[in-house]
Amino acid sequence: MAGKVFFSVTMSLDGFMAPEAVPVEDVFSPEGRSDPRVQRWMTKWSQLQAWVFPQRWFRENLKLGEGGEEGLDNDIVRETFERTGASVMGKRMFDAGELAWPEEAPFHTPVFVVTHTERDPWKRPGGTTFHFVNDGIETALEQAREAAGDRDVRIAGGAETILQYVNAGLVDEFSIALSPVLFGSGIRLFEGVDATRVALEPVRAEPSPRVTHLTYAVRLR
């Protein structure tokens, strides 16, 4: 079990990784999509993630059709996928994904969902199986490490789950795609971080025409 624990997210220039929370069912229902709050959420989310949608690897993985951009952004999307042997996520992210992901979920590896809800493993076509862990982030990570073998474990999100792992000293590295958009409000990536325990070491900064990719190693103070 030699792999790293990491996360990789897109963040607005003013520090938000998502717009203000709205009910998941509203985002994915015809009635909810007519709500101005949901429309604003969708617009902001689309602007934040605009760099990834055109990438060839992203399109192929989600079976959105042939073609797409190649270059640094595409390479990073592909490398993030290829290094990941298992993922961990929170219940809210899973609930949204269960409604949004295609039948062949885009992970193609085991995914461990931190939740208080008991549920049998949910196997999807293409190699993704969701496992539901009811006794904390450490147990979820232990199971993910075992499943990942010598590959890395990705803390997929959302922000609250990522922060729990950071504050617990369980993250080795993270990457941010810094997007040139301003939210003004929303869900901050590092809201509540324990800055007395967590120190960062720059690893690399790589600008592309769409975003700037920042990678940091995480150290405990």
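These legends go with close-up views of a predicted model.

Residue numbers start from 1 along each chain as its sequence is written. Local features need pLDDT of at least 70, side-chain atom pairs count only at pLDDT 80 or more, totals for chains, interfaces and linings use all residues, and side-chain values use heavy atoms, with hydrogens and water left out.

**View 1. The nine-stranded sheet.**
Here we have an open sheet with mixed pairing, and its nine strands come in the order β5-β6-β4-β3-β7-β1-β8-β11-β10. Strands are DSSP runs of E with at least two residues, helices are runs of H or I with at least four, and both are numbered from the N terminus. Two strands pair if DSSP finds at least two bridges between them. The edges belong to β5 and β10; each has a single partner strand, so one side of each is left without a neighbour in the sheet.

**View 2**
Strands of a sheet pair through backbone hydrogen bonds, either parallel or antiparallel. For the parallel case, look at β4 and β6 (residues 129–133), joined by five bridges; Val114 has Val133 of β6 as its bridge partner. Now turn to β11, which runs antiparallel to β8 with six bridges between them, and here Leu178 is partnered with Thr212 in β11. Strand β10 (residues 198–207) is also antiparallel to β11, this time with nine bridges. Ala205 sits opposite Leu214 of β11, and a hairpin of four residues takes the chain from β10 to β11.

**View 2. The largest nonpolar core.**
A nonpolar core is a set of buried Ala, Val, Leu, Ile, Met, Phe, Trp, Tyr and Cys residues joined through side-chain atoms within 4.5 Å. Buried means under 20% relative accessible area, exposed means over 50%, and partly exposed is in between (1.4 Å probe, protein chains only). The largest core has 29 residues, and those with the most contacts inside it are Phe7, Val88, Val153, Ile155, Ile162, Tyr165 and Leu189. Two or more residues each come from β1 (5–12), β3 (84–90), β4 (110–114), α7 (137–148), β7 (152–157), α8 (159–167), β8 (173–179) and β11 (212–220). The largest share, five residues, is from α7. Apart from this core lies another one of 10 residues, including Met89, Phe107, Val111 and Phe130.

Contact means heavy atoms within 4.5 Å. Skipping residues up to four places away in sequence, Ile155 touches Val5, Phe6, Phe7, Val88, Thr161, Ile162 and Tyr165. Val171 is found in the loop between α8 and β8, and at 4% relative accessibility it counts as buried. Leaving out neighbours within four places in sequence, Val171 contacts Val5, Phe6, Phe7, Tyr165, Val166 and Val218. Val198 is 27 residues from Val171 along the chain, and their C-alpha atoms are separated by 10.0 Å.

Side chains of opposite charge can pair when their charged atoms come close. A salt bridge is a side-chain nitrogen of Lys or Arg within 4 Å of a carboxyl oxygen of Asp or Glu, and the count comes to 16. In this one, Glu173 meets Arg83 at 3.3 Å, N to O. Glu173 is in strand β8 and Arg83 in helix α5 (residues 72–83), so the pair ties together parts that are 90 residues apart in sequence. Glu173 is buried at 8% relative accessibility, while Arg83 is partly exposed at 21%. Shared partners join Lys4, Arg83, Asp152 and Glu173 into one network of salt bridges.

**View 3. Two other salt bridges.**
Glu98 pairs with Arg119, with the closest N and O atoms 3.1 Å apart. Glu98 belongs to helix α6 (residues 91–100) and Arg119 to the loop between β4 and β5 (122–123), 21 residues apart. Glu98 is partly exposed at 33% relative accessibility, and Arg119 is partly exposed with a relative accessible area of 33%. The other pair is Arg188 and Glu191, at 4.0 Å, N to O. Arg188 is partly exposed at 37%, whereas Glu191 is exposed at 52%.

**View 4. The buried side of helix α5.**
The 12 residues of α5 reach 16 Å from first C-alpha to last, close to the 16 Å expected at 1.5 Å a residue; the expected span is 1.5 Å times one less than the number of residues. Its buried residues are Asp73, Asn74, Ile76, Val77 and Thr80. They cover an arc of only 165° around the axis, which puts them on the same side of α5. That arc is taken over the directions from the helix axis to the C-beta atoms. The cover over the buried residues of α5 includes β1, α4 (56–61), β3, β7, β10 and β11.
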